[in-house]
Amino acid sequence: LFCAARPELVAPHIELLPTYLQYDSYAPVVHHVCDMLPLLLPLLDAPRRGLLEKLERLLGALVFRVPEALLGQTIAALCAVVAKSRNCQLLHELLSRFCQMMVRASEPAEASRLRDQLLRSVLSAGLLCRHFDFEAPGASAEARRADGTAVRYGGDFTRTVFEQLHAFVPIAASPGDASAAGSGAGGLRGDKFTIALYALKAIGHVTCRRHDLLLACRATLAAALGRTAAPQLRVQALSNLSELVRQPAGGAKVAAKVGKEGREGREASQLAADASAAASGALQGHQAAILSAMGDARHAAVRREALQLTRGMLEQGLIHPMACIPQLMALEVDTSRQCASLAKEALRALFERHAHMVSSPGVQLQAFAAAHTLQAELAALAAAGGAGTPCDSPGAAKSPGGAPDEAEARLPRLMFELLLPQRRERLG
């Protein structure tokens with residue numbers, strides 16, 4: 001926390017950090033060091049070569065050792081070190097090894113034996129493409145594969161990795177296959193479904209930097225967001241889109257640098273504009289599916305992820321408030337307290353800026369209809385003991401019969417509380 005607030009005060013002590021990257025001795029603090037390095041290294045004008053080499057050696061080993069939850073922080077730290085040392089060959093060799101593992105694990109004879117290595121390779125490849133620009137001038141390098149052969153990588157290497165990852169998500173042609181993964185009736189099942197889920201997550205990491213690749217996976221995202229898709233795929237697809245809202249494009253970072261003038265500056269600005277347009281187009285192209293996911297009564301995790309994405313789109317002006325106000329009001333009756341609380345926060349923020357829209361009688365009628373539909377579906381699932389209802393709504397108040405407490409009497413009442421100070425007392 002101190003490093004995040006005042007990194008310039010911690011930078012003089014960066015030489016002490018490599019000691020705490022020894023996983024056997026300091027496993028509980030490794031993730032803290034990985035979080036600090038991307039903040040500290042840009043502050044150093046000329047870091048000592050020995051320090052960079054030591055960080056590369058330790059972080060390169062950690063990529064294969066840390067648990068999956070720490071993989072993102074570790075790779076981000078390693079890419080920050082390479083950005084200073086310019087040792088692009090290290091990242092090319094890592095990415096080459098992961099891509100070769102994906103090819104080997106695709107063979108039927110090796111699929112079951114290399115399952116765990118494949119999942120780690122898929123996720124690591126996506127994270128490397130997210131945190132390092134392999135297409136930047138001077139980033140091409142000669143790398144050695146695991147079999148010892150030397151290969152020089154250049155050109156659009158990220159697109160090649162993206163296409164390899166995309167091949168593991170065979171749901172675009174038939175959205176029904178995704179739902180079969182959850183039901184167990186044909187289509188994706190078992191390991192294939194897990195690999196597709198990991199590949200979809202890796203694609204989300206790649207498109208955080210390369211927004212131009214969103215068009216190539218539009219059909220895949222549409223299938224994963226479909227109402228018949230498995231809930232895990234829907235949550236991951238919504239999470240991918242949420243990353244676009246939170247993470248600026250790589251081109252935008254370039255254009256933001258001070259001192260960009262002339263032709264180079266105009267080209268950087270144009271790249272940033274194109275990337276922003278691609279991300280905005282992708283989000284708005286899936287708007288109907290996002291709003292539909294907010295009303296998915298079967299899975300609270302889907303509703304929660306769609307709600308958080310919608311809030312981000314509202315903050316950045318990527319969706320019109322009138323399109324989502326009725327659904328936000330309807331979520332006030334959600335049996336998941338977290339979803340209901342998030343919806344109320346978003347509605348209060350909208351009321352401060354667009355009171356006339358929120359208080360429109362037509363919008364309120366749509367909200368009551370959506371709330372009635374959602375409440376009826378939630379009650380039906382609870383009464384029938386529907387799959388996913390108990391775990392998806394851990395905070396729901398239940399009556400002895402299993403249905404949500406006072407489900408019949410619940411209505412969206414926040415709107416009346418917001419308008420109460422504006423009411424005038426009637427005379428006579």
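What follows is a short exchange about a predicted model and the reasons behind some of its labels.

Me: What should I know about the model before we start?
Reply: This is a predicted model, where local features need pLDDT of at least 70, side-chain atom pairs count only at pLDDT 80 or more, and totals for chains, interfaces and linings use all residues. Residues are numbered from 1 along each chain as its sequence is written, and side-chain values use heavy atoms, with hydrogens and water left out.

Me: What is the mean pLDDT of the protein chain?
Reply: The mean is 80, and 77% of the residues reach 70 or more; pLDDT is the predictor's confidence in each residue, from 0 to 100. Over residues 387–409 pLDDT stays under 50, and the model has 32 contacts there beyond four places in sequence (a contact means heavy atoms within 4.5 Å).

Me: How do you know that the span of helix H7 agrees with its number of residues?
Reply: Helices are DSSP runs of H or I with at least four residues, numbered from the N terminus. The expected span is 1.5 Å times one less than the number of residues. For the 18 residues of H7 (88–105) that gives 26 Å, and the end C-alpha atoms are 26 Å apart, so the two agree.

Me: Why is Glu243 called buried?
Reply: Buried means under 20% relative accessible area, exposed over 50%, and partly exposed in between (1.4 Å probe, protein chains only). Glu243 has 19%, so Glu243 is buried. Arg130 is buried too, because its value is 14%.

Me: What makes Glu243 and Arg130 a salt bridge?
Reply: A salt bridge needs a side-chain nitrogen of Lys or Arg within 4 Å of a carboxyl oxygen of Asp or Glu. Here the N to O distance is 2.9 Å, so the pair qualifies. The two are 113 residues apart, with Glu243 in helix H14 (231–246) and Arg130 in helix H9 (115–131).

Me: How do you know that Arg48 and Glu15 tie together separate parts of the sequence?
Reply: Their closest N and O atoms are 2.9 Å apart, in a salt bridge. Arg48 lies in the loop between H4 (30–40) and H5 (49–62), and Glu15 in the loop between H2 and H3, so the bridge ties parts that are 33 residues apart in sequence. Glu15 counts as partly exposed because its relative accessibility is 38%.

Me: Why are Glu53 and Arg49 about one helical turn apart?
Reply: Both sit in helix H5, 4 residues apart, which means about one turn between them. An α-helix has 3.6 residues a turn, so residues three or four places apart point the same way. Glu53 and Arg49 also form a salt bridge, with the closest N and O atoms 3.6 Å apart.
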